[in-house]
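User: I have a model on screen and want to learn how to read its features. Can we go through them one by one?

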Amino acid sequence: MNLDFTSILPSLPYILRGIGVTLQIVALAGLLGFLLGIILSLFKISSIKVLGWLADAYTSIFRGTPLVLQLMIIYFGSPQIFGYQIEPYVAAVLAFGLNSAAYISEIIRAGILAVDKGQSEAAMALGVPYRKMMLNIILPQALKNILPALMNEFITLTKESAIVTTIGVMDIMRRAYQVGADKFRFFEPLLLAGLIYYLMVITLTILGKVVERRMRRGD
Amino acid sequence: MIKIENLHKQFGKLEVLKGITTTIKEGEVVAIIGPSGSGKSTFLRCINLLEKPTNGRIFIGEQDITDKKTNIMKVRQNVGMVFQHFHLFPHKSVLENLTYAPMKVKGQSKQEAEKIGLGLLAKVGLSSKANEYPGRLSGGQKQRVAIARALAMQPEVMLFDEPTSALDPEMVKEVLDVMKSLAHTGMTMAIVTHEMGFAREVADRVLFLDGGVLVEDAPPSEFFSNPTSDRAKDFLQKML
């Protein structure tokens, strides 16, 4: 194996600039997925059946088709969906956000159901309205329990974001691939990209542990 | 005053309450006793509509709380409840447990709510625990906090659902003492309990339920020395 990183060294800053692009997509998509996931999970446990059906259908579709397909449908279909061509970057955030919402909604639903029923009874007995009860009593406890699962989802999101390459977003993956094509050496830049992704995931993992420890202080 | 008329409750095919009629006067302390499965807890939980009665009416003051137009949330603000398993909010400190509902539901300022909260903690003897989390408290302490939390809403009626049943024996007294002093303040109280000594000493009236039917309704002096029904006699024999 003859590894030679010297030839791609000048392109290192170019590849590293992809971190910002990847992070931005992941952060925005994660936020979108989380907020939409909460709403969908509340639909799923709602006593209004239609809302539950809607949320279930949503989850079924986004979980039942490939993510790369969803990404391409949103990007290439945007002129027909929205009436104009959207930026690849926007398509990426939308696709990942909508997709992870399906998974996150299931995680949060399980988290809510795992909170002792006595908690909602105690809140109800105090005259606390449903919305405040969910926001202040149930969801904080649910989130604490599902933090590891949520972290998993965000890690998956970070890695899966590499498929935005297929619609031409200049993320880590695409930059590494381009450098490879440019220098006729793919192995080294791809290894480098792998290292960058790995370090990002490790950072996320540590971050998750810190948050988890802080949330467990009350126990 | 709470007036209960012909209260029925069914869970599916199971009829838990079979037409209960009684009145709890203002300032009265009523002990609800009976064998397990007799419907005591369901009866209590109907009074703040944690269970929706299948039939019959419940008046708190002038208000028919079983009326569809009644705002249940408003009713519950006025009826405090203490559970067997405390159900404190584990992610909130003891003081936050007490101030949460008054601030979020009644719109009290933080200052006001904390002042009332600290006053109540002093009354239940837990001033020093204001900033602890519930997870650090013993069962008896948790239940005293739960009583204080219910009182923080300044309710007119307090419901207790087997408040000492989940406690270690040595912690039962500290909770009963708090309830006793609460009874002396003239609070209207309905207590589902297995503590016969407490019922005899503190209650003004005993309701004996069996099979979803109110079998006896008498002052404790009468009920404990001269129960009229065979079922009550049998029950007391096993308990005392």
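Analyst: Start with pairing: two strands pair if DSSP finds at least two bridges between them. Strands (E, at least two residues) and helices (H or I, at least four) are DSSP runs, numbered from the N terminus. This is a predicted model, where local features need pLDDT of at least 70, side-chain atom pairs count only at pLDDT 80 or more, and totals for chains, interfaces and linings use all residues. Residues are numbered from 1 along each chain as its sequence is written, chains are lettered from A and ligands numbered from 1 in the order in which they are written, and side-chain values use heavy atoms, without hydrogens and water.

User: How many bridges join strand E4 of chain B to E5(B)?

Analyst: Strands of a sheet pair through backbone hydrogen bonds, either parallel or antiparallel. Here, E4(B) (residues 55–60) and E5(B) run antiparallel, joined by 2 bridges. B:Ile60 stands opposite B:Gln63 in E5(B).

User: What is the strand order in the open sheet of 4 strands in chain B?

Analyst: The order is E2-E1-E4-E5, with antiparallel pairing. Strands E2 (14–24) and E5 (63–64) of chain B each have a single partner strand, so one side of each is left without a neighbour in the sheet.

User: Which helix lies across strands E1, E2 and E4 of chain B?

Analyst: Axes are lines fitted to C-alpha atoms, for helices over the stretch in contact (heavy atoms within 4.5 Å). Angles run from 0 to 180 degrees between N-to-C directions. Helix H1 (residues 40–47) of chain B lies across those strands, at about 120 degrees to E1(B).

User: Where is the hairpin turn between E9(B) and E10(B), and what is its phi?

Analyst: The hairpin has 2 residues between its strands, and B:Gly211 in the turn has a positive phi of about 60 degrees. E9 (residues 205–210) and E10 (residues 213–218) of chain B pair in the antiparallel sense over 5 bridges. B:Asp210 has B:Val213 as its bridge partner.

User: Is B:Glu162 buried or exposed?

Analyst: Buried means under 20% relative accessible area, exposed over 50%, partly exposed in between (1.4 Å probe, protein chains only). B:Glu162 is buried, at 12%. Its phi is positive, near 45 degrees, though B:Glu162 is not a glycine. B:Glu162 is in the loop between strand E7 (157–161) and helix H6 (169–184) of chain B.

User: What is the mean pLDDT of chain B?

Analyst: pLDDT is the predictor's confidence in each residue, from 0 to 100. Where pLDDT is low, the predicted coordinates should not be read in detail. Chain B has a mean of 93, and 100% of its residues reach 70 or more.
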